[in-house]
Structures are given as structure tokens and as C-alpha cells.
Amino acid sequence: MAEPTESTPAPERRRGFKRWRGARPFWGGLLVTLAGTEILFTEKAALPVILHIGMQGLAGYIVPGMMVLCGLLLLFHPSQRLFYSILAVLLTLVSWVTSNLGGFLIGLLLGLIGSSLSFGWLPDQPTRRRLLRRSRPTTP
């Protein structure tokens with residue numbers, strides 16, 4: 001019988017995830033990924049129809065697929081966030097034409113907001129005063 005493995009306690013895992021999330025444009029990358037996924041799910045045509053239509057129909061699948069890729073790269077490779085966020089904005093605007101008005105405007109708005117958040121995110125920011133006040137012990 002195998003020995004039970006010790007797992008890290010939940011508070012430590014939560015702190016580790018918080019540290020990981022703080023070292024990258026997490027919310028921006030997540031929103032861009034969700035935008036690409038939403039636009040992909042609003043595509044209704046079958047693949048043979050897409051291939052019959054040609055490049056315009058195929059672009060309806062390529063553009064949101066690249067948006068999902070940009071969102072994942074924002075999450076897992078944050079050092080190139082400026083390039084990925086600019087590419088995500090351009091792909092989001094192209095999805096207006098190629099993919100049902102950018103996923104019926106929902107994917108378009110998610111993509112624009114997410115890529116803007118990613119573009120504006122700065123690494124190694126100092127701790128905010130509000131967080132400093134919370135972390136200091138209060139003296140009676």
C-alpha cells in the first residue's frame with residue numbers, strides 16, 4: 001500500500017495562488033481567454049460549410065482561437081504582456097467583422113476590457129496603502 005502524501009494546507013495554497021496571480025495580468029488574461037471562448041461558441045456553421053465559404057468563414061474560427069491563445073499567453077508568459085495585449089485588441093476588433101459582431105458584442109467587450117487591463121498592468125508594484133493598513137497589527 002502506498003504511503004499517504006502530505007499536501008500543503010489550504011491557506012498556504014491560497015497564498016501561493018495569490019502570489020502567482022499578482023505576478024501577472026491575471027484578470028486581463030482571463031477576460032481575453034473568456035472573450036475568445038465566447039466568440040468561438042457563438043459560431044454556428046459546420047466545418048464543411050466553413051471550408052466551402054473560404055477564408056472569410058475560416059477567419060471566424062482562427063481569430064477567436066488566436067484570442068484564446070493570447071489570453072493564455074498573458075497568463076503564463078507575462079513578460080511579453082504588451083505585445084500580447086496589443087495583438088488581443090487587434091484580434092478583438094477584427095472579430096467584429098469575422099465573427100457575428102464579435103460574439104454578439106459580449107466577446108467584443110470582454111476582449112477589449114481584458115486587453116486594456118493587461119496593457120495597463122505593471123509588474124513589481126509597491127503595496128497599496130489600504131493593504132498596508134490591513135496587514136499591520138493594531139495596538140490597543
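Analyst: A surface patch of nonpolar residues is built from Val, Leu, Ile, Met, Phe, Trp and Tyr with over 30% relative accessible area and no salt bridge, their side chains being joined within 5 Å. The structure above is a predicted model.

User: Which residues form the nonpolar patch on the surface here?

Analyst: Trp-27, Trp-96, Val-97, Leu-101, Leu-105, Leu-109, Ile-113 and Leu-117 form it, and together they have about 810 Å² of accessible area. H5 and helix H7 (106–120) each supply at least two of the residues, and H7 gives the most, with three.

User: Where does Leu-105 lie, and how is its accessibility classed?

Analyst: Leu-105 lies in the loop between helix H6 (100–104) and H7. Its relative accessibility is 38%, so Leu-105 counts as partly exposed. Leu-101, another member of the patch, is found in helix H6 and is also classed as partly exposed, at 44%.

User: What is noted about the phi angle of Leu-101?

Analyst: Leu-101 has a positive phi, about 55 degrees, although it is not a glycine. Asn-100 likewise is not a glycine and has a positive phi of about 50 degrees. The place of Asn-100 is in helix H6, and with a relative accessible area of 35% Asn-100 is partly exposed.

User: Turning to the overall fold, how many helices and strands does the protein chain have?

Analyst: The chain has eight helices and zero strands, and its pattern along the sequence is α-α-α-α-α-α-α-α. Among its contacts with a separation of 6 or more, 74% are accounted for by residues 24 or more positions apart. The chain exposes about 9,900 Å², of which carbon and sulfur atoms supply 67%.

User: What share of the residues is buried, and which residues make up the largest nonpolar core?

Analyst: Of the 140 residues in the chain, 32% are buried. The largest nonpolar core has 10 residues: Val-32, Ala-35, Ile-39, Val-63, Met-67, Cys-70, Leu-74, Tyr-84, Ala-88 and Leu-91. Helix H2 (26–42), helix H4 (55–76) and helix H5 (81–98) are the elements that give two or more residues to this core. H4 provides the largest share, four residues.

User: What does Val-63 contact, leaving aside neighbours within four places in sequence?

Analyst: With those neighbours set aside, Val-63 is in contact with Leu-91, Val-94, Ser-95 and Thr-98. Leu-91 belongs to the core as well.

User: Is Ser-115 buried or exposed, and which residues does Ser-115 touch?

Analyst: The cut-off for buried is under 20% relative accessible area. Ser-115 has 1%, so Ser-115 is buried. The place of Ser-115 is in helix H7, and, not counting residues up to four places away in sequence, Ser-115 touches Val-32, Ser-85, Ala-88 and Val-89. Val-32 and Ala-88 are members of the core.

User: How many aromatic pairs does the structure hold?

Analyst: A pair of aromatic rings is described by the distance of the centres and the angle of the planes. The structure holds six such pairs. In the pair of Trp-20 and Phe-76, the ring centres are 5.9 Å apart and the planes stand at 45 degrees, so the pair is tilted. The pair links distant parts of the chain, for Trp-20 is in helix H1 (residues 10–22) and Phe-76 in helix H4, 56 residues apart.

User: How is the accessibility of Trp-20 classed, and how that of Phe-76?

Analyst: Trp-20 is partly exposed, with a relative accessible area of 29%, whereas Phe-76 counts as exposed at 57%.

Notes
Residues are numbered from 1 along each chain as its sequence is written. This is a predicted model: local features need pLDDT of at least 70, side-chain atom pairs count only at pLDDT 80 or more; totals for chains, interfaces and linings use all residues. Side-chain values use heavy atoms; hydrogens and water are left out. Buried means under 20% relative accessible area, exposed over 50%, partly exposed in between (1.4 Å probe, protein chains only). Contact means heavy atoms within 4.5 Å. Accessible areas come from the Shrake-Rupley method with a 1.4 Å probe; for residues, only the protein chains shown count as cover. A nonpolar core is a set of buried Ala, Val, Leu, Ile, Met, Phe, Trp, Tyr and Cys residues joined through side-chain atoms within 4.5 Å. Patches are made of residues with over 30% relative accessible area and no salt bridge: like charges are joined within 9 Å, nonpolar side chains (Val, Leu, Ile, Met, Phe, Trp, Tyr) within 5 Å. A salt bridge is a side-chain nitrogen of Lys or Arg within 4 Å of a carboxyl oxygen of Asp or Glu. Rings of Phe, Tyr and Trp (its six-membered ring) pair if their centres lie within 6.5 Å; planes under 30 degrees apart count as stacked, over 60 as edge-to-face and the rest as tilted.
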